[in-house]
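Visitor: Hi, I'm new to this one. Can you walk me through it?

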Amino acid sequence: MNHPVLVAGAGPVGLTLAMALKRRGVDVRIVDKAFARSDKSKALVIWSRTLELLEIQGCAHAFIAAGIRARGARIFAQDTMLAHVRFDIARSAYDYALMIPQSETERLLEEQLEDLGTRVERRVELVAFQDNGDDGVTATLRHPDGRQETMDASYLCGCDGAHSTVRHTLGSQFEGETLPSDWLLADVHLDGDLPQDELTICWKPDGVLVAFPMGGKRFRVIADLGTADGTIPSTPTLEQIQAVLDARGPRGLHAHDPYWLSGFRINERKVKDYRRGRVFLSGDAAHVHSPAGGQGMNTGMQDAFNLAWKLGMVWHGHAAGPLLDSYSVERSAIGDQVLRNAGNMTRIALLRNPILRELRNLAAGTLSRIPGLRQRMVDQLTEMDLHYRDASPLTQTPRGAAERPLPGDRAPDVGLRDTNSDIRNLYGLLGTGRFAVLSVDAPAVDLPQGARALAVAAVAAADPAYESGHVYLIRPDAYVALSTRAGDDATVIAALERLEADV
């Protein structure tokens, strides 16, 4: 009998991983040394791609009901609006930024997990572990009364944040830098003329200010304070917040009733390998970056979705162990991309050279009016542009592969016909935790019995998101593994057979 998977850390990433594993029938224990989940707003946005993956888990609706929809972003320089970008051009049914405090995200994930029969073990700390190879992982847990427990786990997943015990125990290098500037963060109520459904970004010669709507008159305000002096950033006062608003924000803003005030510095760091043996790193334990674009939590949750379906298949004995090798390869490449994008956004906002600022402002105003570039900007923010075309052993491009979507690209949701169940759309089918062998305007593939634990066949009518007359092998996390012309069933079946466990 398999031992449970041990998840260390019950923030958004650990909760997402535990939930997704439980939905796939995997035994899970999730521990966290904190007394309770966070009561702070912290990460504030769930982007379109993450909402799609939550939909596959069957729970996106709960998050949408608890958040507010931001429909766009405005960028100002001095008092002139340079750009106004709307998110409704996102290539997703979720064409908005869902603004929801991290405290709410954690609450909803914890409720989902409890509905599946698993509770977070609070005030239980992972203090040591040993990877025993084929025999699993031995972990030592310290309970609130000081008692130490030794447990056997099939795998250990470190979702324990930027100061990860798992990463430190592995000795993995957290490579990168701390940016040399201090920042302030304030969740406050603002009176004045600010839209309730858009992000407001203000570039001024002395720095940047960003206001994120949180519902009602409550906003998250972030601003840089210039070069760090080497001391730990102090908690800002409401008077400091008001002074920054007066200097950089739209006129007439008044801050009051602060909920959370904090100072911070931006770290840009990442490990090279997200896996060592039976131990995995996800979220902030593997990568931390600038809050620009609000991509950190989303990227970590997508780490969890990627790992969960692979662990689920291997844990159940449906797929062979080498499938897990793809996790680090894929997610490390994504981490590099997100780190680079967020860092670039931060550095552009913080330009001090007057000539470079003028060029930036000119470019922002011009590029935002070009439809193709505006689309790229939104695709990047919403994480709809993330793909596994190049850096994945699971992506194949055989002769006859479709060009829409390409192998490695996100697979859009599509309606189904001729299914043997009540499931009527692709994402519902992927919620079973198996690959979908999707025939578009073509006959269904007859899967051999041995492949049916890994995949399910389905048929879709002609749809503009896909090329008719093609068969797509779509991963459980809604990315295309390969595609081929209808009739070439052997290529799809061979790809599945390569994943199968020897049983």
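Guide: First a term: two strands pair if DSSP finds at least two bridges between them. Strands (E, at least two residues) are DSSP runs, numbered from the N terminus. This is a predicted model: local features need pLDDT of at least 70, side-chain atom pairs count only at pLDDT 80 or more, and totals for chains, interfaces and linings use all residues. Residues are numbered from 1 along each chain as its sequence is written, and side-chain values use heavy atoms, with hydrogens and water left out.

Visitor: What is the order of the open sheet of three strands?

Guide: The order is β9-β10-β11, and the pairing is antiparallel.

Visitor: Which are the edge strands?

Guide: β9 (125-131) and β11 (148-153), since each pairs on one side only. From one strand to the next, the twist averages 20°, with axes as lines fitted to C-alpha atoms and angles running from 0 to 180 degrees between N-to-C directions.

Visitor: How many bridges join β10 to β11?

Guide: Six, with β10 covering residues 137-142. L141 stands opposite E149 in β11.

Visitor: Is C157 buried or exposed?

Guide: C157 counts as buried because its relative accessibility is 0%. Buried means under 20% relative accessible area, exposed over 50%, partly exposed in between (1.4 Å probe, protein chains only). C202 counts as buried too, at 1%.

Visitor: And which domains are there?

Guide: Domain 1 (5-44 + 101-172 + 272-345), domain 2 (176-268) and domain 3 (409-500). Those bounds come from an automatic or database domain assignment. The centres of domain 2 and domain 3, taken over C-alpha atoms, are 47 Å apart.

Methods:
Helices (H or I, at least four residues) and strands (E, at least two) are DSSP runs, numbered from the N terminus.
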